[in-house]
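Here is a brief report on a protein model. Look at the fold first, then read on for selected residues.

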Amino acid sequence: MACIHGMYAVAPARPLSANIESSLHLNPAQCRLLSMRTPPRNAMKSINKKPLQIQKSSLHPAAVYNNAFISPPKKGNAMTAAVSPSAKAAILSEALPYIRRFAGCTLVVKYGGNAMTEPQLKEGFAKDIVLLKLVGINPVIVHGGGPQINGILEKIGKKGEFVQGMRVTDGETMDVVEMVLGGHVNKEIVSLLNVHGGRAIGLTGRDNHFIKARKMLLDGQTDIGQVGEIDHIDCTLVQQMSAAGYIPVIAPIGVGPNGEAFNINADLVAGKLAEGLNAEKLVMMTNIAGVMDKNGRLLTNLTPEDIDALVADGTLSGGMLPKISSALEAATNGVKAVHIIDGRIPNVLLLEIFTDSGIGTMILGQQNP
């Protein structure tokens, strides 16, 4: 079902209240946050251009948003039990307009950071993705796996090396990358989604050769091995899987003209895939609250001009450059909004998509008001 502005349709596979209630594990502060009726973020942007100020992300494990502490999940069911029926009703009420708005739309999620390594966050992520699918949204996951790759490299006596945020990938490292991303990590995510009621299928760009790549030369001359840049993504397979009710889980490995494998930055794959799928949103899960200025303040809304200025003054550098570049390109090539969010916050996907306030940094292209 196409996402057409002004036309809404919802056909959840199960009762909506059961889907959301079983997936949200919120403490009282989160419930107060969700029940607030703040203006939509675009409206807030026009009212106040100043960035929202929050405490630095170094305060993790508790993130601070709108003066409410959002803490990591506690053991057991204490947090769920603490949510009153009225609070649950308020959550459902606030979510409904967003579910109606995004039904039938595609959401590309770049999955990475602590959300991929901490067991409770992994469980929460899987439940959130399954919930999105059940209420009519089509999630597509592109995952990284840097820490897992580094762990295997250490075991064989190799040390990871990076240039401008890109992993230097010789032949031996490429074998490890393909084994970890296309094997262990991809299948773990697929299995977790399926355990929680999803119908997930794992892919790499070598399957049906749907991600075609060529060797990347940094600055046009620096060879960093089997690192690729994208020539073309054929989205047909992914679209067919989504339409059939499956959740595609994609490892960022491309294929060259001679069938050779290329390691591609997951942020770049997620961005290009979002463009090709004409996604409603691209969401990038990270280990930071969003894009910060030099004083550690969260910047909640950014334009292409803002990003150019942040790169020029050195605020954005290193590993953030591929992420921001991919986000900006997606936002200016058809993706309606790109969100950079803190994957360490439980249920952060639902907080970003289904609440009035949202969390993290939103990047809008020039075509957006």
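The report below goes from the whole chain to individual sites.

**Ground rules**

This is a predicted model, in which local features need pLDDT of at least 70 and side-chain atom pairs count only at pLDDT 80 or more, while totals for chains, interfaces and linings use all residues. Residues are numbered from 1 along each chain as its sequence is written, and side-chain values use heavy atoms, with hydrogens and water left out.

**Overall picture**

The protein has 13 helices and 16 strands. These are DSSP runs numbered from the N terminus: helices are H or I with at least four residues, strands are E with at least two. Of its 369 residues, 53% are buried. Buried means under 20% relative accessible area, exposed over 50%, and partly exposed in between, using a 1.4 Å probe and protein chains only. Among contacts with a separation of 6 or more, 76% join residues 24 or more positions apart. Contact means heavy atoms within 4.5 Å.

**Recorded binding site**

An unreviewed UniProt entry lists Gly145, Gly146, Arg167 and Asn263 under "binding site". They gather at one spot, because no two of their C-alpha atoms are more than 11.7 Å apart although they span 119 residues in sequence. UniProt positions follow the numbering used here, feature names are shortened, and annotations may be inferred rather than shown by experiment.

Gly145 sits in the loop between strand E4 (138-143) and helix H7 (146-155). Beyond its neighbours within four places in sequence, Gly145 contacts Met116, Val180 and Leu181. Gly146 belongs to helix H7.

**Accessibility of selected residues**

| Residue | Relative accessible area | Class |
|---|---|---|
| Asp342 | 2% | buried |
| Asn347 | 5% | buried |
| Gly145 | 8% | buried |
| Gly146 | 25% | partly exposed |
| Asn208 | 61% | exposed |

**Asp342**

Asp342 is in strand E15 (residues 337-342). Its side chain makes a polar contact with the side chain of Arg344 at 2.8 Å. A polar contact is a pair of N or O atoms within 3.5 Å; within protein, one must be able to donate a hydrogen and the other to accept it, and residues adjacent in sequence count only if both atoms are side-chain atoms. Leaving aside neighbours within four places in sequence, Asp342 also touches Thr286, Asn287, Ile288, Ala289 and Val348.

**Two positive phi values**

Most residues other than glycine have a negative phi. Asn208 has a positive phi near 60 degrees. Asn208 lies in the loop between strand E7 (200-204) and strand E8 (211-218). Asn347 also has a positive phi, of about 60 degrees. Asn347 lies in the loop between E15 and helix H13 (348-354).

**Aromatic rings**

How many aromatic pairs does a search of the whole structure find? The search finds one. Tyr111 and Phe125 have ring centres 3.7 Å apart and planes at 5 degrees, so the pair is stacked. Tyr111 is in strand E3 (residues 106-111) and Phe125 in helix H6 (residues 119-134), 14 residues apart. Rings of Phe, Tyr and Trp (its six-membered ring) pair if their centres lie within 6.5 Å; planes under 30 degrees apart count as stacked, over 60 as edge-to-face and the rest as tilted. Both Tyr111 and Phe125 are buried.

Elsewhere, Arg199 lies over the face of Tyr246, at 4.2 Å from the ring centre. A charge sits over a ring if NZ of Lys or CZ of Arg is within 6 Å of the ring centre and within 35 degrees of the ring normal.
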